[in-house]
Structures are given as C-alpha cells and as structure tokens.
Amino acid sequence: LTAMGNSLSVLATHAPGSLRSILNGQSWIGENGKLLSSLVGELGRAETHPHDACEAARCLRAVLMAAPELAQHRAKELGVSEKLMAAQRLGQCRHSMLEQESSAALAQVQL
C-alpha cells in the first residue's frame with residue numbers, strides 16, 4: 001500500500017490528467033473495479049492494522065482527487081465516509097498519521 005500510495009500521490013500531483021485517464025476505466029473504480037472496495041476494506045481494519053488503513057486513506061485521497069465524478073459515486077456506495085470517520089477517531093487516539101490522512105481523504109469526499 002505504501003508503494004501504491006506513493007505512486008498515486010506523485011501522479012495526482014504531477015500528472016493528474018494521466019491518472020484521471022487511467023482511473024476513469026470501469027475496471028479500476030467502477031462497479032466491477034476492485035480498487036476502491038479494497039481500499040475501503042483496509043480502512044475497515046484500522047483497529048488492527050492502523051498503518052495499512054493510513055496508507056489506504058492516502059490512496060483514496062489521490063483517487064478521489066484525480067477522478068472525482070466516478071470515484072465519489074462509488075465511494076459513497078461503499079460507505080467510505082463512515083469508514084474514514086471511524087479511522088479518523090481511531091487515529092486521534094492511537095495513530096496521528098491515520099488521523100491526518102483520514103481527515104484529508106474525508107475532505108475530498110465531502111467536496
């Protein structure tokens with residue numbers, strides 16, 4: 001997840017159009033895509049794996065920034081806001097980076 005987070009962050013910052021083109025395919029984030037559901041699943045395991053949840057939140061933020069139309073809709077279907085809020089609360093108590101990344105991703109969801 002760290003390598004994916006680094007890659008997505010670099011693309012989102014330096015080549016957002018390229019990342020958007022890649023992600024707009026249904027195979028990545030559409031109904032049949034596994035990327036968002038996998039990342040949201042990692043967020044759901046924040047209690048036992050907070051670092052992985054932190055990296056998943058970082059990946060989610062980059063995806064939501066790059067492909068907001070499709071990603072926002074699918075993320076809401078998957079309950080990402082609730083998972084991010086739970087991860088944010090957990091981060092406040094136990095993992096400051098999880099809190100920061102969850103907050104940043106949550107801001108993208110709520111745009």
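Of the contacts in the protein with a separation of 6 or more, 66% are between residues 24 or more positions apart, a contact being heavy atoms within 4.5 Å. The model behind this figure is predicted, with local features needing pLDDT of at least 70 and side-chain atom pairs counted only at pLDDT 80 or more, while totals for chains, interfaces and linings use all residues. Residues are numbered from 1 along each chain as its sequence is written, and side-chain values use heavy atoms, with hydrogens and water left out.

On to the overall fold. The protein has 8 helices and 0 strands, where helices (H or I, at least four residues) and strands (E, at least two) are DSSP runs numbered from the N terminus. The radius of gyration comes out at 13 Å, close to the 13 Å that the globule rule gives for 111 residues, so the protein is as compact as a globular protein of that length. That radius is taken over C-alpha atoms, and the rule is 2.2 Å times the number of residues to the power 0.38. Along the principal axes, the C-alpha atoms fill a box of roughly 40 × 30 × 25 Å.

Buried residues make up 43% of the 111 residues, buried meaning under 20% relative accessible area, exposed over 50%, and partly exposed in between (1.4 Å probe, protein chains only). There are 10 positive and 10 negative side chains, and the centres of the two sets lie 1 Å apart. Here Lys and Arg count as positive and Asp and Glu as negative, with His and the chain ends not counted; each charge is placed at NZ of Lys, CZ of Arg, CG of Asp or CD of Glu.

Now for some local detail. Helix H6 (residues 68-77) has Ala71, Gln72, Arg74 and Ala75 as its buried residues. After H6 comes glycine 79, with a positive phi near 75°.

Leucine 90 sits in helix H7 and is buried at a relative accessible area of 13%. Beyond residues up to four places away in sequence, Leu90 touches Ala46, Glu47, His95 and Leu98. Histidine 95 occupies the loop between helix H7 (80-94) and helix H8 (96-109). This histidine is buried too, with a relative accessible area of 18%. Apart from neighbours within four places in sequence, His95 is in contact with Pro50, His51, Cys54 and Leu90.
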